[in-house]
Amino acid sequence: MIIPVIFLNLKKTFAQDYLRRQVRVKIGSIIEQKGTILGLGLGDNSIQYLKRGDSLYDKQTFITRANSQAIILIGYRSVITLGSNTKIRIKDLSNSRLYLLQIFKGSIRYEYNGAGVPDVFISGKTPSQYYSAVQFTAGLSSQGFIFNPVEDLDVYKYKREISKNKKNIQISNEKINFLTLQNNEKPVFFIKDIKSLKKPISLPSKKTNSNTDSDITSIFEGTSDSVTETTDIDSIFSDFEESSTKKNKVDSKEINLGYLRNKFLKNNYGIKLEKILNPKKSKSSITPEIGKNKPFSKEQKKPFWKEIDYNLFLKSTYYGKAPRSDIGNVDPQVFHQDFRLSMANKILINSSESLAINGWLEGSNRKSVYDEDNNFLDLQSSQRNYLYLNELYYTYSTQKFDIQFGKKIIKFGKGIAYSPSDALSAIDATVPTSPVYLGSFIISLDTYFDDWTFSTIFFPLITPNKSPTQNSRWSTLYSDINFELEQEFPTGISPKSKQILLKLEGTKYGTDWLFTFFNGPNSNPVVRNDITVTNNIPKFTLVQEHIPITFLSIGFSTTYGGFEIHGELLNQNAEDGKDDSFTALMIGTRKVIDTWPRHLGLNSIDIVVEHGREYLRSAQSQPFYALSSIGSRFYQNSWVGTFIFNVTNKFSLNYDYHFDFKNDGVANIFGMNYSSSDTQWRFKIENYSGSQNSNFGVWTNNDNMSLEYLINF
Amino acid sequence: MKILAILISFIPLNFIHAACEKSGLEIMKAQEKKQSANSEEETQDIVILDMKSKKKEKRTLKRYLIKEGEKKSKGLLFFNDPTTIKGAGLLNWKNLDEEDQWLYIPEIKKLTRIVGGNKKNYFMGTDFTYADLEGEDIDNNNYKCLKEIACQNGKSSCFAIEAKPKTEERARNIGYMKRLLLIDKKNLYTLKIVFYNLKGKKLKTARYSNWKQVDNVWRPDFAKMERHNVQTTFIKIKSRKLNSKINEIVFAKRYLQKEMHIK
């Protein structure tokens with residue numbers, strides 16, 4: 001009965017084919033794709049257009065078209081990136097838990113995220129032998145099959161052996177440390193230094209003839225290979241990855257795909273690949289090549305609000321005593337709370353232009369500090385505003401000059417605690433021991449030649465300092481009479497009404513030099529008595545007036561014998577005797593001691609000592625001028641400075657001092673500081689004493705403890 | 001006999017104890033010649049790990065270096081992260097034996113001159129001192145090649161070199177009595193350095209790995225400095241350019257003063 005036998009055989013073949021088609025072994029899935037990825041089924045002519053998330057099956061052929069790429073996961077731990085115009089086929093050896101990959105054209109990159117022998121082996125068109133490594137790139141080119149393991153990684157070889165009676169699949173356990181051309185004829189191994197592989201590398205013999213030899217060898221034992229180092233360091237840095245997936249333990253069965261994506265894209269092993277993840281977000285392409293400079297990847301553009309640097313400052317102050325009782329209407333509180341939320345950003349318009357902005361939102365329970373009208377558009381207010389724009393300036397930079405205009409903090413001078421010439425920077429001294437630098441309105445031109453800079457700075461509008469109000473316990477204008485203090489700013493455009501600063505700075509003979517010339521209204525005002533008569537009733541008004549002055553100064557900073565030494569000399573003349581004319585001198589030094597402090601358990605001690613002296617050439621002499629700018633000049637005969645005791649990198653103690661010998665006053669500030677990556681804590685104890693002639697004597701009742709907290713985000 | 005003794009005395013000591021084919025100084029000079037670049041630009045991620053508390057701190061810094069001639073160079077490095085030190089920068093000009101250094105702190109808004117002599121101070125809380133970051137100072141050290149040993153898991157051969165400061169003052173300045181260097185024989189890059197303090201006790205160990213050849217010069221992508229049982233610093237190079245043109249503004253004081261380094 002021939003026909004039934006034939007029928008039965010045909011039926012069996014059809015059944016096997018049917019079963020083979022229906023019961024397909026899933027081997028992996030597509031993690032990410034770009035462009036066109038085709039999957040060709042086995043035995044039929046079906047073509048699948050694959051996309052992210054699609055499953056991949058045993059013996060399926062995958063093809064990427066031009067300008068297309070894909071990242072696929074095979075098994076649990078093997079990730080393969082297919083380059084453009086690539087064709088591969090993967091076979092699952094289920095008995096041995098291996099996958100054999102044949103490449104027909106194009107290039108791939110492979111990474112194994114498990115331990116031990118990788119589970120994907122690759123060969124060229126003719127599968128004679130398969131190779132693998134924990135990380136490699138491979139491809140087919142005119143040179144033939146190219147296999148490029150990452151430097152120094154072991155290469156594994158797989159050879160399929162078929163015995164007479166049964167098919168045996170055996171893996172050669174031989175670990176090949178060096179690939180030489182004579183071992184394998186067919187594959188061409190693309191290794192950076194092929195010439196050195198033409199002869200076997202002979203390892204130096206390990207001779208340990210003497211104790212010294214074995215000591216030296218043992219010292220250098222354990223020089224780990226790059227894989228271990230990479231693993232150590234990658235795991236250290238992975239805590240700071242921005243990837244939202246924190247679960248990235250590669251020994252777990254469930255591989256976190258997000259982690260794989262991020263980790264895989266970081267390492268580029270010589271294949272031209274575009275960044276295909278999140279194509280909408282990233283427009284940059286990474287095209288690294290072996291032997292060339294590692295390119296800088298363009299940073300992804302963040303939203304504007306994410307580019308702003310924020311910091312939050314909180315301060316609590318407790319005063320040991322109530323304020324002086326002989327003052328009317330002073331803030332009686334012994335507990336002050338302050339906060340300030342600062343925001344800063346710098347916008348790069350292009351390589352030559354930028355715009356910088358910073359400001360803050362602040363508040364406090366201190367009385368009579370804030371402008372109750374909250375007129376934050378009053379650019380010359382001497383009171384604080386809850387919302388304050390501190391800096392907003394534009395910069396145009398070239399090789400030879402810079403132009404800036406806007407509102408900007410101007411700081412210069414050679415002193416650390418005190419610079420006589422640095423009197424133009426506006427300061428918010430509402431709380432004198434916690435001053436804040438304020439931006440001034442400027443138009444400036446800096447020109448550069450060699451190591452010298454010549455600056456011309458024009459101040460179209462005076463930015464006054466903010467001082468303690470007469471109702472503040474910090475005020476030095478105590479009076480039992482309530483008086484009005486008005487501000488008067490110069491008007492018009494003339495040398496007497498506008499400020500101009502010329503500055504020359506440079507370095508010569510190992511010394512930094514500074515020369516300045518200033519002309520215009522003094523930022524530190526005088527107080528003038530104004531008397532007006534209305535209906536025969538005199539009215540007394542005190543007016544803060546900004547007197548035209550001129551000053552010339554010279555400053556230097558150098559190092560000698562482990563000391564940094566600096567100094568300034570300033571000569572100031574006031575118009576028509578309306579203010580003092582004087583000469584101010586500052587000399588100072590800084591030294592960091594890090595030898596014997598270690599015996600005390602300290603890292604180092606940082607010491608700053610400065611002496612400020614003033615010689616009055618002619619005192620204020622104009623009638624009706626009640627007070628000169630002397631109230632703003634604290635360093636007529638003073639020693640000032642700090643000792644910072646650095647206990648660890650994060651913790652330090654400090655002692656700041658100001659001994660005012662002119663007016664017989666002393667300020668001592670003791671502090672403890674702790675800082676971590678984004679936060680700072682500071683605890684301070686402030687102590688003031690002295691005669692009633694000195695500010696510190698007036699502040700005797702202001703001894704206080706304060707706790708400050710600053711966080712940056 | 002006398003003649004033999006005289007002849008022996010003229011044999012170089014390093015030949016008598018020779019396990020290296022070259023002297024230590026020759027090897028270090030060859031390394032300097034092979035691995036030097038006229039300009040370098042790097043972005044580094046640094047992680048500091050406290051061995052006791054196991055707490056980690058990360059910093060990101062950018063570093064520029066340019067060589068303007070024999071023993072004349074300028075360098076700049078500044079921090080981009082964390083925010084508490086963002087913008088802090090260190091500018092350095094060297095000319096023969098003279099060195100000018102300035103420090104910029106954004107809160108102070110001033111560029112201040114600092115003493116460049118404290119080489120043994122640790123840089124910004126890391127385990128690398130200022131001396132470590134400057135690289136090998138061949139003129140101020142004596143080098144002795146002790147032997148050749150197998151390294152990198154037996155894959156290659158290395159020179160074990162002992163480096164000692166030439167003078168006691170120099171030793172006090174940098175804080176080390178001696179260092180042992182492990183230098184790859186073929187490519188002449190330093191794989192490992194063991195540092196000994198002034199009392200001769202092992203102080204810390206540096207390891208350099210993931211070497212990449214860029215423009216014929218080898219540079220490590222990873223570095224690890226372990227101060228035993230105290231702290232470990234890991235440095236990873238995020239990006240690097242060698243021998244490329246760097247705008248000279250970068251090494252001018254105004255670059256920091258105008259906060260052009262803060263993006």
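I started at Gln102(A), which sits opposite Ser123(A) in strand E10 of chain A. This is a predicted model, so I am reading positions off a prediction.

Next I looked up how those strands run. E9(A) and E10(A), the latter covering residues 120–123, are parallel and joined by 4 bridges.

Then I checked the other partners of E9(A). Strand E8(A), residues 86–93, runs antiparallel to E9(A) with 7 bridges between them; in this pairing I found Ile90(A) facing Leu101(A). Strand E7(A), residues 78–82, is also antiparallel to E9(A), over 5 bridges, and Leu82(A) stands opposite Ile108(A) there.

How many residues of E9(A) are buried? I got 12 of the 15 in residues 98–112, so I noted the strand as mostly covered, with buried meaning under 20% relative accessible area.

On to the rings. My search of the whole structure gave 30 aromatic pairs over all chains. I picked out Tyr396(A) and Phe401(A): their ring centres are 6.4 Å apart and the planes are at 45 degrees, so I logged the pair as tilted. Tyr396(A) is partly exposed at 30% relative accessibility, and Phe401(A) is partly exposed too, at 29%.

I also wrote down one aromatic cluster, made up of Phe643(A), Phe645(A), Tyr655(A), Tyr657(A), Phe659(A) and Phe670(A).

Last, lysines over rings. Lys87(A) lies over the face of Phe104(A), 5.5 Å from the ring centre.

Notes
Residues numbered from 1 in each chain as written. Chains lettered and ligands numbered in written order. Predicted model: local features only at pLDDT ≥ 70, side-chain atom pairs only at ≥ 80, totals over all residues. Heavy atoms only, no water. Buried < 20%, exposed > 50% of the residue type's maximum accessible area, 1.4 Å probe, protein only. Helix = DSSP H or I, 4+ residues; strand = E, 2+ residues; numbered from the N terminus. Pairing = 2+ DSSP bridges. Phe/Tyr/Trp six-rings, centres within 6.5 Å; stacked < 30°, edge-to-face > 60°. Lys NZ or Arg CZ within 6 Å of the ring centre and 35° of its normal.
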